[in-house]
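Hello,

Here is the structure I promised to pass on. Please open it alongside this message; my notes follow below.

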Amino acid sequence: MKKLFAILLITVSVNAFAQNKAKALLNEVSEKVKNYENISIDFKYTLENISENIKQETKGDVVLEGEKYRLNILGVTRLFDGKTLYSISPEDEEVTISTHIEDENDDITPSKMLSFYEEGYTYETDIEQNIKGRKIQYIRLTPIDSNSEIKNILLGIDANTKHIYNLIQVGKNGTKTTLTVNSFKTNTPISKSLFTFDASKYKDYYINKLD
């Protein structure tokens with residue numbers, strides 16, 4: 001019994017240490033991100049489901065400033081000015097306009113890309129990898145909500161810069177999505193109109209307004 005108790009005590013201590021280390025690292029990342037005026041990211045996005053024989057890869061870019069963002073991916077521009085979301089599709093010649101409502105699902109939106117982990121998850125340190133000379137420490141995040149469609153998320157953090165290197169999300173349906181940061185720039189000069197929707201540029205587009 002004493003041996004069993006000792007093993008249990010060691011296990012609890014190790015888990016507590018892993019959680020504290022993970023929390024400290026996440027706090028560093030969060031604090032650093034909040035001090036930037038704006039962030040520009042170029043990334044690669046991969047979606048894979050082996051059982052469904054699905055593998056898709058694409059590149060995209062996003063500029064973030066507080067809650068505002070401008071995201072380009074799959075030929076569509078998603079523009080959020082802090083109140084309204086505009087999805088602009090040149091291929092369909094359509095603009096979808098919707099009043100932003102804080103997401104109640106598991107989606108990690110651009111606004112939450114660098115802070116989503118601050119609530120709703122338990123976390124612990126995972127593997128550490130050397131990727132192209134960079135020391136990447138992974139944090140494993142597990143949703144507190146048992147009904148979440150997400151099984152877990154691995155958040156890779158550059159131990160030197162304290163910037164997010166990649167995010168690997170595994171769904172309960174077997175789908176794995178990976179977002180890898182290729183370029184991370186901060187406090188760059190950006191146009192004052194970057195997050196402003198200019199209706200005059202889309203006079204010939206179909207405007208789809210959602211309630």
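**Charged patches**

Glu91, Asp92, Glu93 and Asp204 come together on the surface as a patch of negative charge. Keep in mind that this is a predicted model. Glu91 sits in the loop between β5 (84-89) and β6 (94-99). Glu91 counts as exposed because its relative accessibility is 74%, and the cut-off for exposed is over 50%.

There is a positive surface patch too. Its members are Lys44, Lys55, Lys59, Lys132 and Lys176. Lys55 belongs to strand β2. Its relative accessibility is 57%, so Lys55 counts as exposed.

**Overall make-up**

The chain has 1 helix and 12 strands. In sequence order the pattern is α-β-β-β-β-β-β-β-β-β-β-β-β. Of the 211 residues, 39% count as buried.

**Strand β1 and its partners**

Strand β1 (residues 39-49) runs antiparallel to strand β2 (residues 54-65), and 11 bridges join them. Ile39 stands opposite Leu64 in β2. The hairpin of β1 and β2 has 4 residues between the strands. Asn53 in this hairpin takes a positive phi near 55°.

β1 also pairs with strand β11 (residues 176-186). That pairing is antiparallel as well, with 10 bridges. Glu48 has Lys176 as its bridge partner in β11. Lys176 is also one of the residues in the positive patch.

**Salt bridges**

How many salt bridges does a search of the whole structure find? It finds 4. Three of them are described here, including the pair Lys34 and Glu118.

Lys34 and Glu118 meet through their side chains at 3.5 Å, N to O. Lys34 lies in helix α1 (residues 2-34) and Glu118 in the loop between β6 and β7 (121-131), so the pair ties together parts that are 84 residues apart in sequence. Lys34 is exposed, at 56% relative accessible area. Glu118 is partly exposed, at 40%.

Asp126 forms a salt bridge with Arg140, with the closest N and O atoms 2.9 Å apart. Asp126 is in strand β7 and Arg140 in strand β8 (residues 134-143), so this pair links parts that are 14 residues apart in sequence. Asp126 is partly exposed, at 25%. Arg140 is partly exposed, at 24%.

Lys135 and Glu128 form another salt bridge, their closest N and O atoms being 3.8 Å apart. Lys135 counts as partly exposed at 45% relative accessibility. Glu128 counts as partly exposed at 47%.

Best wishes

How values were computed:
Residues are numbered from 1 along each chain as its sequence is written. This is a predicted model: local features need pLDDT of at least 70, side-chain atom pairs count only at pLDDT 80 or more; totals for chains, interfaces and linings use all residues. Side-chain values use heavy atoms; hydrogens and water are left out. Patches are made of residues with over 30% relative accessible area and no salt bridge: like charges are joined within 9 Å, nonpolar side chains (Val, Leu, Ile, Met, Phe, Trp, Tyr) within 5 Å. Accessible areas come from the Shrake-Rupley method with a 1.4 Å probe; for residues, only the protein chains shown count as cover. Lys and Arg count as positive and Asp and Glu as negative; His and the chain ends are not counted. The place of a charge is taken as NZ of Lys, CZ of Arg, CG of Asp or CD of Glu. Helices (H or I, at least four residues) and strands (E, at least two) are DSSP runs, numbered from the N terminus. Buried means under 20% relative accessible area, exposed over 50%, partly exposed in between (1.4 Å probe, protein chains only). Two strands pair if DSSP finds at least two bridges between them.
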